Amino acid sequence: MTIAFIGHGYVGLVTASVFADLGNTVWVVGRTREKIENLKKGVTPFFEPGLAELVKRNVEAGRLKFTLDYKDAVAPSDIIFICVGTPPKEGGEADLINVFMAAENIAKALVGYKVVVTKSTVPPGTNKKIGEILNKFKPYGASFSIASVPEFLREGSAIDDTLHPDRVVVGTTSDRAAEMLLELHKPINGKTVFCNLETAELIKYASNSLLSTKISFANVIALLSEKVGADAERVLEAVGLDKRLGRSFLYAGVGYGGSCFPKDVKALVSIARHYGYNFKLLRAVDEINKQTAQNFVEKIAHHFNNNLKDKRIAVLGLSFKPNTDDMREAPSIYIINQLVKLGANIVAYDPVAMENAKRVLPAGISFARDAYTAARGADAVAVVTEWNEFQQLDLARLARGMSTPVLFDGRNIYEPAKVKALGFTYYGVGRM
Ligand code: NAD
């Protein structure tokens, strides 16, 4: 099949490359000349494990093509996927300007029959509006069906998630579109869920909101564990052993971040408000998440008697989660800003996100080339993102270089007893 993707971000570029690798001819439309020229040479605009190789291989094989011109991509394609960003507006609702612009540009380039699919996360009713835009701007004689196929990939494991999703949701009322999408997804494992447009649109928000709810719940249990003298890790492990619940996303930490959870929780609150429902549960999830990052800052401040002036704090991990360079809504941003306000000197290290971090973190922060260099002379180390390489650190070596061996383990990646035996003062989340 020949297919097209509008947008070459984490969703667009990964899915496009995977479908190209499966033997399809894939066009990708962008709007920045420099990025498109780089992509044509196989140079990717962000870090995702395995993606650079995948893009290069498929560009060289002539299956993956990039363009600034919608006509190049839309005319030869059977299916066109909209994968543009849907960031939050001030009030929390999704900003759909990019989606509607993409729809208008697709419409103007339509020839023959096409299936236009939205992969971007959009509120119920958006795909119907896309249909209206396509009808308004399409040339005479062109026809289309619309579908909503929300994306569930996770940054850091996006290629594998695309090839082996838990489910492929296909929202459409067109049998022809459903058949074509089924054909395209044949090599992809995972159960297919057929439904109408609004159901598919809501599935994505419901899914991300429930995952966020689990995280905030785990963080409140951690907070309570500290107060009652329980070990949150054991509590959550035992709770998660219940097959009805499961352990995934029941982990205490510094709160969730990234480009999806914070925005999708707020967007679902806003969707509910639009329909007259006050989604108190999700408003609390969002509130708890903010408080969780603040609690981590307060834990650090409390250790230093609320005086962080000239304290040197090494922050390990900046991206919102491991295996990505994505800094969008990363808890590290809030935590570092607060620590700086309290007078701390920050030395930060992240295996891949430092370039992106430099653009969003306050001036005056130093960046180190590795964890040991960051910790040298530090009054404390704070682990904010659980990169694998931090789990394997030689903690004795880390301690030797520090001014005082104090460890704030924001992701509970270390065994408290072992760390304490090395002479550290140790603070986890929800455990002693
Ligand atoms: P992103 O910001 O990484 O990429 C968006 C891309 O769209 C960029 O390449 C941008 O240049 C391009 N773009 C915007 N308007 C355009 C236009 N009019 N024409 C052509 N290109 C245009 O965003 P992302 O992380 O890939 O997310 C895209 C959508 O998918 C969002 O709705 C997001 O909520 C959803 N989603 C994201 C993830 C994730 O893990 N990142 C997972 C599932 C779903």
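1. D21 is partly exposed, at a relative accessible area of 30%; partly exposed denotes the range between buried (under 20% relative accessible area) and exposed (over 50%), computed with a 1.4 Å probe and protein chains only. The model is predicted, so local features need pLDDT of at least 70 and side-chain atom pairs count only at pLDDT 80 or more, while totals for chains, interfaces and linings use all residues. Residues are numbered from 1 along each chain as its sequence is written, and side-chain values use heavy atoms, with hydrogens and water left out.

2. D21 forms a salt bridge with R57, with an N to O distance of 2.9 Å; the term requires a side-chain nitrogen of Lys or Arg within 4 Å of a carboxyl oxygen of Asp or Glu. The two residues belong to distant parts of the chain, 36 residues apart, with R57 in helix α3 (residues 51-60) and D21 in helix α1. Helices here are DSSP runs (H or I, at least four residues), numbered from the N terminus. R57 is likewise partly exposed, at 44% relative accessible area.

3. A second salt bridge joins K40 to E37, whose closest N and O atoms are 3.5 Å apart. Both residues are in helix α2 (residues 33-40), separated by three residues, about one turn of the helix. K40 has a relative accessible area of 41% and is partly exposed; E37, at 33%, is also partly exposed.

4. The side chains of R247 and E233 form a salt bridge at 3.3 Å, N to O. R247 is in the loop between α10 (232-240) and α11 (261-274), and E233 is in helix α10, so the pair ties together parts 14 residues apart in sequence. R247 is buried at 19% relative accessibility, and E233 is buried at 16% relative accessible area.

5. The salt-bridge count for the model comes to 21. E155, D326 and R328 are linked in a network of such bridges.

6. A polar backbone atom of H8 is 3.2 Å from a ligand oxygen, and a backbone N or O atom of T121 is 2.9 Å from an oxygen of the ligand. The protein covers 90% of the 830 Å² of accessible area that the ligand has on its own, as given by the Shrake-Rupley method with a 1.4 Å probe.

7. A further point concerns S332, in helix α13 (residues 331-341). S332 is buried, with a relative accessible area of 0%. A polar atom of the S332 side chain lies 2.7 Å from the backbone oxygen of L318.

Definitions and conventions
A polar contact is a pair of N or O atoms within 3.5 Å; within protein, one must be able to donate a hydrogen and the other to accept it, and residues adjacent in sequence count only if both atoms are side-chain atoms.
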